[in-house]
Amino acid sequence: MTELTELTVAAIRKGVAGGDFTAVEVAEAFNANVAAASELNAFIVATPEKAVEAAQAVDAKRAKGEDLGKMGGVPIGMKDLFATNGVQTTAASHMLEGFVPQYESTVSQKLWDAGAGMLGKLNLDQFAMGSSNETSYFGNVISPWRRKDGGNADLAPGGSSGGSSSAVSARLCPAATGTDTGGSIRQPAAFTGITGIKPTYGRCSRWGVVAFASSLDQAGPMARDVTDCAIMLEAMAGFDPKDSTSLDMPVPEWEAGLNPDMKGKKVGIPREYRMDGMDPEILKSWDDGIAWLKDAGAEVVDISLPHTKYALPAYYIIAPAEASSNLARYDGVRYGLRDLPEGAGLQDMYAATRADGFGPEVKRRIMIGTYVLSAGFYDAYYNQAQKVRALIARDFEQAWSQCDVILAPTCPSAAFALGDKTSDPLSMYLNDVFAVPASLAGLPAMSVPAGLNSEGLPLGLQIIGKAFDEQGVLNAGLAIEQRAGFTAKPEAWWK
Amino acid sequence: MSVDKATVAKIASLARIRMDDAACDAMVPELNQILGWVEQLGEVDVTGVEPMTAVIPNTLRLRDDVVDADPLTGGGVRDKVLANAPAPEHGFFGVPKVIE
């Protein structure tokens, strides 16, 4: 029989619907892979019984001849930022350790309604703040990939959706949810040779997703190929009255609309993304991408996004500012950790709880956010950043008069080793230099694998599209995927 | 602009994060490095530019003005609201005494 854990979402769905295997067989195969991969630390909690229970429901539906849904019989991993009814939801923090939501996030509920089952809750950077999955209270996630130098250094799976990227590339799940605030879907996807898309801001409901920076946070799928991302995004997206910024628009049929023919399409190459001292292997993969899209029929045009270099500093004002407001809710009163020192008053309880409950990176960002929003500094920092953000969005608006999609690298480097950048927050932040502009402008953007570098590590290419044009992004991604022929996968050293 | 230890202590107090002397000392260079870097935004000419308030143009909706317009976010779920409280008491959130 086919090895079930090698199958894509589309193949699992087809096989279950066609009776080649049962949904329970699929769930059990992935449950076994999850159980054997504790060394990767990709899951905070495994929920094998949930996966089997959902699979049994799908098999029962099939027996009755009912529709199995867009994700019928597909077990997935759920980033532990999504509230799941009755299952601990931590945002990888001590603050929320033991927090058991009494409700289900809109996105996860939609996935269960579409026939998916839950293999477990995936590790991440604490409160989604990080680019290497080294800020989790529950320990680092390890990438299944290793350099081919034989050194066996543990590599970063990217972040913040590092549990998701590690699990999908290690075949612990065929797909997983991610969230992207400033690259947290795309960068981990690139680091691990998988595919991930952040849709237009507002496509996926934020209701029940632990908030980091609300004007940027957006959920999306991470899977092995473009088709699977299209399938899963369709199941996740849709208007939700419980999210005030949810887009009240129908969900397009992205899967049915997939078309890798780029004839008549213009692909913009932003000259400002070609930075001094860039890794020649990244430049080469970018050139490969350009050649592939030309081969698919696209016309390639040089474009300018003049404020690119200011995107990252603007992001590191705006995101911490929003985080400092959002995370004010963790006060030891209503849920989560409470630290009440002997004889302490209310204010002391707040301060002690927050000192214990937040990790160093989260504190750093809350401190920056509090500072840039404080009296006397608001205009110089926060307001200036919001003006620069408007200019970055305008840059993209102007680019769309010349092109339909934009092609760029996802990251400035391949995966780095765990510990390499932890002593210098700035060097870690710089990893998101290519991802952040699209986030600030709320645009759909995806990463697809382009190939391996000379160390044997995956590199990703990023496609950025117009607002609401996920289809254009997916199609360009598919054109690249078909030509890149990326089939590499990590050796299962952890088994 | 750069911050000193007294400023860090003040921010920590505003952010309600207890920080001892050593933690404040450690935070000073970290914050200064990041603030020094974001200062480059000052060189951007933003004359006539309105700060962005909504990334995708969208009108904020109003919920129907009725009780429990959406049962999920409505009332009548006291026990669920209290289920994760560290110290629920008599159907309320318990906190340390705040009046003398």
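1. Start at the end of helix α15 of chain A: the residue that follows α15(A) is Gly485(A), and its phi is positive, near 55°. Helices here are DSSP runs of H or I with at least four residues, strands are runs of E with at least two, and both are numbered from the N terminus. Keep in mind that this is a predicted model, where local features need pLDDT of at least 70, side-chain atom pairs count only at pLDDT 80 or more, and totals for chains, interfaces and linings use all residues. Residues are numbered from 1 along each chain as its sequence is written, while chains are lettered from A and ligands numbered from 1 in the order in which they are written.

2. The helix itself, α15(A), covers residues 470-484. Its 15 residues reach 21 Å from first C-alpha to last, close to the expected 21 Å; that expectation is 1.5 Å times one less than the number of residues. It is mostly covered, with 11 of the 15 residues buried. Buried here means 20 or more other C-beta atoms within 10 Å of the residue's own, exposed means 12 or fewer, and partly exposed is in between, with C-beta atoms placed from the backbone. Among the buried ones are Glu470(A), Val473(A), Asn475(A), Leu478(A) and Glu481(A).

3. Now look at strand β11 of chain A, residues 458-465. All 8 of the 8 residues are buried, so the strand is largely enclosed by the rest of the structure. Both faces are covered: Pro458(A), Gly460(A), Gln462(A) and Ile464(A) sit on one side, and Leu459(A), Leu461(A), Ile463(A) and Gly465(A) on the other.

4. What does β11(A) pair with? One partner is β9(A), residues 405-409, antiparallel over 5 bridges; strands pair if DSSP finds at least two bridges between them. In that pairing, Leu407(A) stands opposite Ile463(A). Another partner is β10(A), residues 445-452, also antiparallel, with 7 bridges, and there Val448(A) faces Leu461(A). β10(A) and β11(A) make a hairpin with 5 residues between them, and Gly456(A) in the turn has a positive phi of about 85°.

5. Buried or exposed? Gly208(A) has 23 C-beta neighbours inside 10 Å, so it counts as buried. Leaving aside neighbours within four places in sequence, its contacts are Phe82(A), Ala83(A), Tyr103(A), Glu104(A), Ser105(A) and Thr106(A); a contact means C-beta atoms, placed from the backbone, within 7 Å.

6. Zooming out, chain A has 15 helices and 11 strands. Its C-alpha atoms fill a box of roughly 65 × 55 × 50 Å along the principal axes. Buried residues make up 61% of chain A. Of the contacts with a separation of 6 or more, 77% join residues 24 or more positions apart.

7. Last, the contact between the chains: 42 residues come from chain B and 58 residues from chain A. On the chain B side, the elements giving two or more residues are α1 (5-14) and α2 (21-38), and α2(B) gives the largest share, 7 residues. That side divides into 29 nonpolar, 6 polar and 7 charged residues. Nonpolar covers Ala, Val, Leu, Ile, Met, Phe, Trp, Tyr, Cys and Pro; charged covers Asp, Glu, Lys and Arg; the others, Gly among them, are polar.

Methods
Contact = placed C-beta atoms within 7 Å.
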